[in-house]
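Good morning, everyone. Please have a look at the structure on the screen, and then I will walk you through a few parts of it.

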Amino acid sequence: MIIQFLRYLFGYINFRAFGGFADRFINLCTKEGIPLWNVKHINGNITASTTVGGYLSIRPVARKSGMRVISTDKIGLKYFLKKHKSRVGILIGVIILSVIIAILSQFVWSVSVVGNTTLDDDLLLSAFEKYGVKVGVPVSSIDNDEAATLVMSDIEKLSWASVNIKGSVIVIEVREKTDAPEIYDASKPTNVVAGEDGVILSVDVLYGNEEIKPGSAVTKGDLLISGVITHKDGGEKTIHADGYVKALVKKQKNFSSSDISLYKINNEKIRKVIFFFGIKIPLGFMGESEFFTEHKSFAQSEKNLLPLGIITQYSADFSEEKTVVDVTTEEKIALFSNALYVREILEYSEVRNSSVKKVENQNEMQYSFSAQCEQEIGVLQEIYVEKTDDIQ
Amino acid sequence: MARKKKERKLQIPELYLNEAKIEMLGNREIIIDGCIGVIEYDENTIKLNIGDLALCLVGTDMVIESFDSGVAIIRGRFAEISFVS
């Protein structure tokens, strides 16, 4: 490879030799110190390559061996430049491109975060941006150890952070702290009581006395599992009762459009911003508004985002709307509230069946949501015990 | 001279000092250290002077990759290699 490069740099000549004695020609060339390579014998002709100097002194050797030599090709940098002398623009373009690449490679092209599970990418990126780790800054200006230490002190949830610079790409590796598990205090005497009204479906007692059977109806506060144990001799002791009590619970809630505040959007503005190596060029004006959001869209290579893209910014002001909305909108709002409530219920229970009924009201449209849910209703309730020193 | 110095350093017995060293990579490449010259050269045959003997290579697509300072590198598809005295 290096030899080929050097040959190209200094230039070489491909030639054809014919007539005479090929073996004698090669021997004489070697004797005279004329370097030959890629010597091929094709149809009585010899094709080979030699240096420019070698070709200049090849004629006497060819004459001695009875051969005629004709150059077929001149290859090398100087021949290339000579050939493209009139195309100076290309050369200038190549030089300018090389310079641009050399300059741009000194700057950060992309910053990405890996290893975060609960913390948001944007939160971490903006934290590191505060300490100079951002797109567009010179790579040499980044103090990766200091930035990692400062961000770790800013964000308590981080247990470890490292800023890895790979050329123009920065990969921030983080590890989040694992919260210590909640200590379950089983030393306090407790009862398990009903947290909601319902019909008991199943009772699994871990500790304590079962006070209720499946099929029984309970109201909020009823004792389900008792933490008071009675011995055969009539004596009592308190323990930490625990268990799982599942019940069928009825949920009901009314929704109306007045449950949700309506806002009117004013001064809605959208503008595009060109992002190039950390420089933001806004295409238009945008004043200060109550609400602001932006969507970033960057060019992407196979692995990384490139520091080139368009940011779409959106801003608006809101004013509370008191006016009466049409029936369809009212319906939508009520159903939306209903959906939010169902989502909330589903987090802790299993919905068996549900129904939504329209309730006619004079002023507004109301919807009544009712559902039957299976849920865990057992709640721990501490038993307060008064200690006395008198033992009889 | 350089070759002889190298051989002395490598402590090669005196008996073999004038012998050519031949290295083959399958039937596709042959490197001959101690090649004095080319005796015969045509499309399918290359006969090389390696001192007391001549090395005859028969094959196709044969190319003298380089021939310098007594070292010849020949590439091709060799079908036959023989020594002729």
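Let's start with confidence. Chain B has an average pLDDT of 85, and 81% of its residues score at least 70. pLDDT is the predictor's confidence in each residue, on a scale from 0 to 100. Where pLDDT is low, the predicted coordinates should not be read in detail. For the complex, the predictor gives an ipTM of 0.79 and a pTM of 0.48.

Some ground rules. This is a predicted model, where local features need pLDDT of at least 70, side-chain atom pairs count only at pLDDT 80 or more, and totals for chains, interfaces and linings use all residues. Residues are numbered from 1 along each chain as its sequence is written, while chains are lettered from A and ligands numbered from 1 in the order in which they are written.

Now, where do the two chains touch? The contact takes 12 residues from chain A and 13 residues from chain B. Contact here means C-beta atoms, placed from the backbone, within 7 Å of each other. On the side of chain A, α2 (22-32) and β2 (37-42) each supply at least two residues. Helices (H or I, at least four residues) and strands (E, at least two) are DSSP runs, numbered from the N terminus. That side of chain A divides into 6 nonpolar, 4 polar and 2 charged residues. Nonpolar means Ala, Val, Leu, Ile, Met, Phe, Trp, Tyr, Cys and Pro; charged means Asp, Glu, Lys and Arg; the others, Gly among them, are polar.

β2(A) and β5(B) run antiparallel, joined by 3 bridges. Two strands pair if DSSP finds at least two bridges between them. In this pairing, A:Val39 stands opposite B:Ile64.

Stay on β5 of chain B, residues 54-68. B:Asp61 sits in this strand. Its phi is positive, about 50°, although it is not a glycine. Is B:Asp61 buried or exposed? It is exposed, with 12 other C-beta atoms within 10 Å. The cut-offs, with C-beta atoms placed from the backbone: 20 or more others within 10 Å is buried, 12 or fewer is exposed, and in between is partly exposed.

B:Ser69 lies in the loop between β5 and β6 (71-84) of chain B. B:Ser69 also has a positive phi, near 50°. With 13 C-beta neighbours inside 10 Å, B:Ser69 is partly exposed.

Last stop, chain A. An open sheet of 4 antiparallel strands runs β10-β12-β8-β22. Its edge strands are β10 (209-210) and β22 (378-382), each pairing on one side only.

Technical notes: Two residues are in contact if their C-beta atoms, placed from the backbone, lie within 7 Å.
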